[in-house]
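Student: I would like to learn how to read a model feature by feature. Please take the contacts of one residue as a start.

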Amino acid sequence: MKDINLFLKEFNIKTNNKEIYEMAFTHSSFNSDANTHHHDYERLEFIGDSVLGFVVASLIYKYHPEMEEGDMTKAKSTLVQSKSLAKLARQFGFNEYIRAGHSLTIEEAKKNNNILEDIFEAVVGAMYEDQGIEFCIDFLTKVFLDEVINYTQEDFKDYKSMLQEAMQAEYRSSVTYKTIDTMGPPHDRTFKVEVSFNGVVLGFGIGKSKKEAEQKAAQDALSKKAV
């Protein structure tokens with residue numbers, strides 16, 4: 001585990017409250033070993049989630065005047081989804097500062113996308129509480145600006161909804177999703193899902209979450225023109 005001073009130096013943060021950044025990297029399992037309570041990232045994650053959503057929504061509003069409200073909502077959701085935040089946490093080396101208890105090894109935590117997502121949001125929360133909103137706006141704009149500007153409507157497609165609408169228009173009935181395989185250790189699962197209609201398999205999808213696998217299965221069905 002790296003010293004928190006390295007993190008502060010890398011992000012040019014001058015603070016009198018190093019503890020809040022240590023908390024941002026601390027998993028709740030640490031509490032049982034240290035005999036502490038709420039000395040972890042969960043409350044900071046709550047703040048960071050709101051700050052992150054606000055800044056990304058503001059960027060989308062500014063750079064995509066052609067979007068309606070529904071498209072902007074989908075865009076924000078896509079940009080801040082778990083996989084993206086976990087990737088960013090690794091990119092910035094946040095996984096090197098994680099503190100956890102004996103019930104969760106550091107290596108397990110580093111591989112867990114959900115934990116890394118929470119830590120990214122918690123770090124934003126710590127920045128907000130310690131440095132203020134302008135600091136967060138500057139940091140998150142640098143992180144998300146290019147992705148926001150380069151997003152197209154293709155990125156917002158909800159393949160499950162598209163497949164459902166196509167099937168109901170033709171048959172007035174629904175498709176069914178089923179997880180047919182789960183691979184990998186508990187902290188790093190991969191799911192394989194099939195989508196079917198009246199017992200006929202229309203497509204398959206693989207993803208790090210059931211939702212991602214279902215979207216890919218629906219996309220697979222649509223690409224085959226199964227409907």
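Student: Leaving aside neighbours within four places in sequence, which residues is Asp 118 in contact with?

Tutor: Contact means heavy atoms within 4.5 Å. With neighbours within four places in sequence left aside, Asp 118 is in contact with Tyr 41 and Glu 45. This is a predicted model, where local features need pLDDT of at least 70 and side-chain atom pairs count only at pLDDT 80 or more, while totals for chains, interfaces and linings use all residues. Residues are numbered from 1 along each chain as its sequence is written, and side-chain values use heavy atoms, with hydrogens and water left out.

Student: Where is the place of Asp 118, and does it count as buried or exposed?

Tutor: Helices (H or I, at least four residues) and strands (E, at least two) are DSSP runs numbered from the N terminus. Asp 118 has its place in helix H8, residues 113-131. Buried means under 20% relative accessible area, exposed over 50%, and partly exposed in between, with a 1.4 Å probe and protein chains only. Asp 118 counts as buried because its relative accessibility is 17%.

Student: Which residues does the UniProt annotation "binding site" cover?

Tutor: UniProt positions are given in the numbering used here, feature names are shortened, and annotations may be inferred rather than shown by experiment. According to the unreviewed UniProt entry, "binding site" covers Glu 45, Asp 118 and Glu 121. These residues are spread over 77 residues of sequence, yet they cluster in space, with a largest C-alpha distance of 5.9 Å. Glu 45 belongs to helix H4. Apart from neighbours within four places in sequence, Glu 45 is in contact with Asp 118, Glu 121 and Ala 122.

Student: How should I read confidence, and where is it lowest in the protein chain?

Tutor: pLDDT is the predictor's confidence in each residue, from 0 to 100. Where pLDDT is low, the predicted coordinates should not be read in detail. The protein chain has a mean pLDDT of 89, and 92% of its residues reach 70 or more. Confidence is lowest in helix H3 (residues 29-34), with a mean of 71, and highest in helix H4 (residues 42-63), at 96.

Student: What about nonpolar cores: how many residues has the largest?

Tutor: In soluble globular proteins, nonpolar side chains tend to be buried together. A nonpolar core is a set of buried Ala, Val, Leu, Ile, Met, Phe, Trp, Tyr and Cys residues joined through side-chain atoms within 4.5 Å. The largest one here has 49 residues, and Phe 7, Phe 94, Phe 120 and Phe 144 have the most contacts inside it. H8 gives the most to this core, with 9 residues. Phe 120 touches residues including Leu 52, Leu 85, Phe 94 and Phe 139, not counting residues up to four places away in sequence.

A second, separate core has 13 residues, among them Leu 163, Met 167, Val 175 and Ala 221. Leu 163 is found in helix H10 and counts as buried because its relative accessibility is 0%. The C-alpha atoms of Leu 163 and Leu 44 are separated by 38 Å, with the two residues 119 apart along the chain.

Student: What order do the strands of the open sheet have?

Tutor: Two strands pair if DSSP finds at least two bridges between them. The open sheet has 3 strands in the order E1-E2-E3, with antiparallel pairing. Strand E1 (176-183) and strand E3 (200-207) are the edges, each pairing on one side only. Axes are lines fitted to C-alpha atoms, for helices over the stretch in contact, and angles run from 0 to 180 degrees between N-to-C directions. The twist averages 20° from one strand to the next.

E1 pairs with strand E2 (residues 190-197) over 7 bridges, and Tyr 177 stands opposite Val 195 in E2. E2 is joined to E3 by 7 bridges as well, with Gly 205 in E3 as the bridge partner of Val 193. Helix H10 (residues 159-171) lies across E1, E2 and E3 at about 15° to E2. Helix H11 (residues 210-223) also lies across E1, E2 and E3, at about 135° to E3.

Student: How many residues are between E2 and E3 in their hairpin?

Tutor: There are 2 residues between them, and Asn 198 in the turn has a positive phi of about 55°. Asn 198 is exposed because its relative accessible area is 68%. Asn 12, in the loop between H1 and H2, has a phi near 55°, a positive value in a residue other than glycine. Asn 12 counts as exposed because its relative accessibility is 59%.
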